[in-house]
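This report describes selected side-chain contacts, a ligand site and aromatic ring pairs. Please read it alongside the sequence and structure shown below.

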Amino acid sequence: MSDRYAVIGNPIEHSRSPEIHTLFASQTGQDMEYERIPGSLDDFASDVRRFIAEGGRGLNVTVPFKEQAFTLADERTERAQRAGAVNTLVFEDQGIRGDNTDGVGLVRDLGCNHRFAFAGSRILLLGAGGASRGVLFPLLEEGPAALVIANRTAHKAHALAALADDPRVNGCGLDTLAGQHFDLIINGTAAGLAGGVPAIPDDCLAGGGWTYDMMYGRKPTTFVRWGRAHGAVRALDGLGMLVEQAAESFFLWRGVMPDTDPVIDTLLR
Ligand code: ATR
C-alpha cells in the first residue's frame, strides 16, 4: 500500500495541496497518496489520531488548525516555535513532530522564483495574526533594512513587533503609515476574504516597489488588484508560496526536494 498523507483544514474542499503533492510524487517517483480531510472544529486531535491509526505518515495543516497542531505536536522545530504555529506534522515512531514551512515558502517564492532583492529593503507586513507571525522571522533572516508590521488593531502589531525583538522591526496601526514608503508590501490579513483590502495610504508603495498577497485565487485577488492599481512593478499572489511550502513539507516527509517550477506552471494553466 502507498504511504498516506493529507491536508486537514476547515473548509478544505478548495485546497490545491492534493494536486500539488500528486504532481510532486509523480515527478520524484514517490509511492504515496495525498487526500483532503475536513477537520472537525471541536475535535481536531481525534481527527489526527484517527489518521495516524489508519497508517497516515504526515499531514499538512491549514486554517483554522495551525495553533492546535502546534499544541498537539510532541516536538517542534525552532521555526515552528517562532511561528507559534505548525503547518506540517510528521508522524514518527517517537511521536509527532511539528514544523512550519510557510515562512520559507514565502521567502523562496519571492527570493528564488521572482528574485526580489531583500537585502536593505523596506518591508511593510500587513496584519498581525498567525499568517504574519508565520513569515516574520524568515523575512528578517533575508536582511531587510526595516520591517513595519501594520495592523487594523494596533496593539496586536505592537505585540508581534515586541516578539521579534529586533531594532529593524516596528509595529503600528494602519492609520499611522502616512508619509512612509516601502519596497515590498505583503498582505497577511484576512481582508480579502470579504473582498476588501487593508486601509493603507495610496502612496505607501515606493517607486519600483512590489506587492505580495499571501492569499491566492483563480482570479487576481483584491490585493493583487490594489498592487496593480498603485504602480507595483510586480503584484504577486500566494500561489508560489503555497507550492514552495508544500515542497518543503514534501522534503520533510520523503527526503526528496521536488522541482517547483513545472508544478507552478501547471497550476497556473
Ligand atoms: P490568520 O491566522 O489568517 O492570520 P487571524 O489571526 O484571525 O488569521 O488574523 C487575521 C488578520 O487579518 C488580523 O491581522 C486582522 O486584523 P485585526 O487584528 O485588526 O482583526 C486582519 N484583518 C481581517 N479583516 C481585515 C480588514 N477588513 N482590514 C484590515 N485587516 C483585517
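## Contacts, ligand site and ring pairs

Asn87 sits in the loop that runs between helix H4 (78-83) and strand S5 (88-92). The model is a predicted one. With a relative accessible area of 2%, Asn87 is buried, because the cut-off for that class is under 20%. Its side chain joins that of Asp102 through a polar contact of 3.0 Å. Apart from neighbours within four places in sequence, the residues in contact with Asn87 include Leu59, Asn60, Val61, Lys66 and Gln245.

Ser2 belongs to the segment before strand S1 (3-9). Ser2 counts as buried at 18% relative accessibility. A polar contact of 3.0 Å links the side chains of Ser2 and Asp31. With neighbours within four places in sequence left aside, Ser2 is in contact with Asp31, Met32 and Glu33.

The next part concerns the ligand. Among the residues around the ligand are Gly127, Gly129, Gly130, Asn151, Thr153 and Lys156. The shell is made up of four nonpolar, six polar and two charged residues.

| Residue | Atom on the protein side | Distance from a ligand oxygen atom |
|---|---|---|
| Ala128 | polar backbone atom | 3.0 Å |
| Ala131 | polar backbone atom | 2.9 Å |
| Arg152 | N or O atom in the side chain | 2.8 Å |

Taken alone, the ligand exposes 640 Å², and the protein buries 66% of that area.

Seven aromatic pairs are found in the structure. In one of them, the ring centres of Phe24 and Phe250 are 5.5 Å apart with the planes at 70°, so the pair is edge-to-face. Phe24 is in helix H1 (residues 17-28) and Phe250 in helix H9 (residues 239-254), so this pair ties together parts that are 226 residues apart in sequence. Phe24 is buried, at a relative accessible area of 0%, and Phe250 also counts as buried, at 0% relative accessibility.

The rings of Tyr34 and Trp253 have centres 6.3 Å apart and planes at 45°, so they form a tilted pair. Since Tyr34 lies in strand S2 (residues 32-38) and Trp253 in helix H9, the pair ties together parts that are 219 residues apart in sequence. Tyr34 counts as buried at 11% relative accessibility, and Trp253 is buried with a relative accessible area of 10%. Ring pairs link Tyr34 and Trp253 with Tyr5 into a cluster.

Notes
Residues numbered from 1 in each chain as written. Predicted model: local features only at pLDDT ≥ 70, side-chain atom pairs only at ≥ 80, totals over all residues. Heavy atoms only, no water. Helix = DSSP H or I, 4+ residues; strand = E, 2+ residues; numbered from the N terminus. Buried < 20%, exposed > 50% of the residue type's maximum accessible area, 1.4 Å probe, protein only. Polar contact = N/O pair within 3.5 Å; in protein donor to acceptor, adjacent residues only side chain to side chain. Contact = heavy atoms within 4.5 Å. Near = heavy atom within 4 Å. Areas by Shrake-Rupley, 256 points an atom, 1.4 Å probe, with all protein chains shown as cover. Nonpolar A, V, L, I, M, F, W, Y, C, P; charged D, E, K, R; others polar. Phe/Tyr/Trp six-rings, centres within 6.5 Å; stacked < 30°, edge-to-face > 60°.
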